[in-house]
Structure formats: structure tokens, C-alpha cells
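Try each one before you read the solution.

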Amino acid sequence: MAAETKIDDEIEKLRQEIQELRRNCAAKEKRLSELEAQQQKQNEQANAQQQQTSASSDQMLNNDDIARYSRQLILPNFGVKGQLKLKQTAFLIVGMGGLGCPSSQYLLAAGCGRLGLVDYDEVERSNFHRQTLHTEMSIGMAKVESAKQALQQINPHCQIECHRLLLNSENALEILRQYDVVLDCTDNVATRYLLNDACVMLNKPLISGSALQMDGQLTVYNYGENCPCYRCLYPVPPPPDTVTNCGDGGVLGAITGVIGSLQALEAIKVALGGLGGEVLAGRLLIFDGGRCQFRNIRLRSKRADCDVCSPKPMITQLIDYEQFCGMHASDKDMALNILPLENRLTVEEYKNEVLQRKHILMDVRQPAEFEICRLPNSENVPLKTILNDSYLQRFEEELKDEERGIILLCRRGNDSQLAAQHILQRFPQRAVFDIKGGLHAWHFKIDNSFPIY
Ligand SMILES: Nc1ncnc2c1ncn2[C@@H]1O[C@H](COP(=O)(O)OP(=O)(O)OP(=O)(O)O)[C@@H](O)[C@H]1O
Ligand SMILES: [Zn+2]
């Protein structure tokens, strides 16, 4: 009997304790939901406040802004209004090379609100003489990242967005859509058509620059009435073999500096509605660095039957621009492969099997390149000379009774193939070879003390 009473007591005690715990728990749950509601309210208030501050930071200048931009703020046509407009404008720079470096530097320093950078490439030593944002520390780094690091030091208050990719018809519209003004700082025809068409489709102004050797050009497309687009001027792309880039033709860094800076100037004028002057739309600026002369010519007006900007365009979505131009947009995969296998030598085969025998080694690069570096037993006959039939005729006359093989060499193994192909077409009985990968392959596989450029 005594044992049963003990159990009953204990059960009762436990029931009471559980009830007490439940009451406590309910009180705590009630307090918790009160506090959560309070917290949510506070967050909402903080967010609203933040939104207000960032909106007002776009709509007013702080003391840092006033000090930083003072020299342009006092310009009669710029002023506070111009500075705020710049702060509210997003610019996209495609290509962080010779033109993209100076233009991004001036846009960012001037206080643009948002700056997008597009480039697929990495920094190399041969970039430094003109791509002045990149330094020794950034060799091998993505150009967009290297540029962002340098630009942040110039102006930490602007938002910089990196797009490390090859701009093409798959991604262009999505990226361009996020910006107000686009700068074409690239170096190839396929990307020029792509940017032109995308900017027409999205109705964005396009500031287009180019520089080669000692010359530069600049114009603004898709801005204002009757302004022609790139296709209005060039409905058909040029033949691939007439196009030279900086890697092949060379360029002086100061020339890209001039054109890139002017691109920034035009971009700022576009954003600010002209800045009391006139945007370079419908006109082409031609810079002759050799004579230090600028010419400004009027361009034709819009083509009524332009494939992309006419009222009834044929092209309403982006196409494959590499195919359209017959040229690559990236210079990473430009290796030609036009000779039969039996006419191609690797650098190892040349060194181990041919070098000891009698042969003619013709280096088909430009004389200026031959002067930079050469293989000791080579003679310089530029590709242009080889393609000239009267030269080949004389050459064949001289070699008439000789059995010596002809080996063609160039920087990366493309021009040497063109030269070999031409000689073989003229004189199919000759033993003609090219050296695969040219002097670059010589550097990487045979002698890495041999310079590359
Ligand atoms: N479609 C594209 N998408 C992204 N970046 C591009 C595209 N086309 C060109 N570019 C970039 O534009 C830049 C052009 O600049 P520039 O000609 O000065 O440089 P480069 O290609 O480094 O020169 P080099 O021919 O001497 O190697 C390059 O960095 C290149 O990677
Ligand atoms: Zn057009």
C-alpha cells in the first residue's frame, strides 16, 4: 500500500512540473515572437534608411566628392549637375588593352558611377608599353582583375564590375543591357560588328576607337539623329588578309593613349549630353601621330537599307560574327594549318635532322622584326616579297640547278605557311617546308634564352 502511494505522488509531482514547464515555454514563445516582430521592423527601417542614403549619395555630393572632383566641378558646362549625372551613369569598356586602359582610367577618375570591364585575356609582358594599368606584379593575371586593382587605387568610390570572358553573340546582349554607354576598345573586326549590332538592338551609344602603328581613329555610333552605324559604313567585312592587328603591325603606346583618352572624353560628353560642345557622332576623327595631325571628316548618313539599323532590318538578332568576318575574335587560337603534313617540320626535326644539311632558311618576318632577333643561318625575305611573282621567278632562276631545300620561318608559324604554300603552288617540284610554331616554338622547345615578343 505504501509503495502505491509513493508512485501516485511521484506521478502527480511530475505532471505539475510538466505543466509548469509548459506555462514557462508558452511565455517564452510569446516573448520570442514579440522580439522577432520587433527585429523585423528594425531591419525594415534600416533597409529603408540605407536605400535612402544610397539614393541620396547619387543625388548629392559629399565633401570627398567636392574635393576630388573640384577641378572639373568648376568647369562652366560641367558643374554639380554634370558630376551627379556622371555618378548615375554606367559605362562598359570592352577590351582592357591599349585603349581600354587609358579610357577606364579617365572615366573612373572623373567619377563615373559604375564601370564594367570585359576581357578574356591575361596580362603579358608585351602589353606593358601601352596597357599602362598592368604591372610586373600582374603578369598572368586576368586583365580585368589587374585593371580593377589599379583602378581602385585611383578612385575607391566607384563600383567596378569584371566580366572575364570573350564577348560573343551568346552573352553580349545580357551584359550590354546593364550599362548606359559602351566603349569599343577591342582589336578585331568580328567584335566590332558584334558590338555595333548589339548596341543598335539595345539602342546604346557606342564609342569606337582603334589604333595601329602611328595612327588612330575615333567615332561615336548610335547617337542622335541620322548617325550611321558601323554596318552603314562597312556593310561587308574586309577580306581577312587585309586586316592587321597590333600584334603583327605594331603600335606606339602614346597613340593608344591619345585615342583611349579621347574615347573617355566622348563617353563623358555622351553621358552629359554634349558638355557644351558636340559629340563626335556622324564624324570620324583621324589621328596621324607621325605628323601629329588630327583630321575630322564627315561620315555618310544612315544607309536606308542598312541590315541592322534601317527601319526594316534584315538582322534582328545577333549572328556568328567570326563566321561572318572569316576571322577570330580571340587571338588565342589563330594557328593556321594549310600545308600538307609532309611539308611541315617541327623545331626538333629542323634542329636534329635539317640543320646539319645544306638548306636555305628564309625568315619571312618584317625587317624590323628580323632586327630584334633571328636564327644565325637565316636570311630575311618578308612574306610580301615572296608573294611577289617577279621575285620568285628570279629566285627560282638562281636556284635552278640546286637541290637545297627551302625552309620558311616566322614568329608563330602562320606567315611561313602562307609563304610555303605560295612557293609550292609556283614550283611544286621544290622541297619546301615551314617550321611549325616558328620562333615561339624555338623558344619553348629548343632554346628558352631565345627572345619572344
Ligand atoms: N570579343 C572580345 N571579348 C573580350 N575581350 C576582347 C574581345 N576582343 C578583343 N578583346 C580584348 O581587347 C583587347 C585589345 O587590346 P590590345 O589590342 O591592345 O591588346 P592585345 O590583344 O593584348 O594585343 P597584342 O595583339 O599585342 O597581343 C585585348 O586585351 C583583347 O583580349
Ligand atoms: Zn546602319
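**Exercise 1.** Is Cys-232 buried or exposed?

*Solution.* Keep in mind that you're looking at a predicted model. Start by counting the C-beta neighbours of Cys-232 inside 10 Å: there are 24. The cut-off for buried is 20 or more. Cys-232 therefore counts as buried.

**Exercise 2.** Work out where Cys-229 sits and whether it is buried or exposed.

*Solution.* Cys-229 has 22 C-beta neighbours inside 10 Å, so it counts as buried.

**Exercise 3.** Find the residues that UniProt marks as "binding site", and explain why they gather at one spot.

*Solution.* The unreviewed UniProt entry puts this feature at Cys-229, Cys-232, Cys-306 and Cys-309. In sequence they span 81 residues, but no two of their C-alpha atoms are more than 8.5 Å apart, so they come together at one spot. Next, check the contacts, skipping neighbours within four places in sequence. Cys-229 touches Cys-306 and Cys-309, among others including Asn-196 and Tyr-221. Cys-232 has contacts with Cys-306 and Cys-309 too, plus Arg-300, Lys-302 and Arg-303.

**Exercise 4.** Describe the surroundings of ligand 1: how many residues are there, and of which classes?

*Solution.* The shell holds 23 residues, with Gly-95, Gly-97, Gly-98, Asp-187 and Gly-247 the closest. Sort the shell by class and you get eight nonpolar, ten polar and five charged residues.

Key:
Residues are numbered from 1 along each chain as its sequence is written. Chains are lettered from A and ligands numbered from 1 in the order in which they are written. This is a predicted model: local features need pLDDT of at least 70, side-chain atom pairs count only at pLDDT 80 or more; totals for chains, interfaces and linings use all residues. A residue is near a molecule or strand if its C-beta atom, placed from the backbone, lies within 6 Å of it. Ala, Val, Leu, Ile, Met, Phe, Trp, Tyr, Cys and Pro count as nonpolar, Asp, Glu, Lys and Arg as charged, and the others, Gly among them, as polar. UniProt positions are given in the numbering used here, feature names are shortened, and annotations may be inferred rather than shown by experiment. A residue is buried if 20 or more other C-beta atoms lie within 10 Å of its own, exposed if 12 or fewer, and partly exposed in between; C-beta atoms are placed from the backbone. Two residues are in contact if their C-beta atoms, placed from the backbone, lie within 7 Å.
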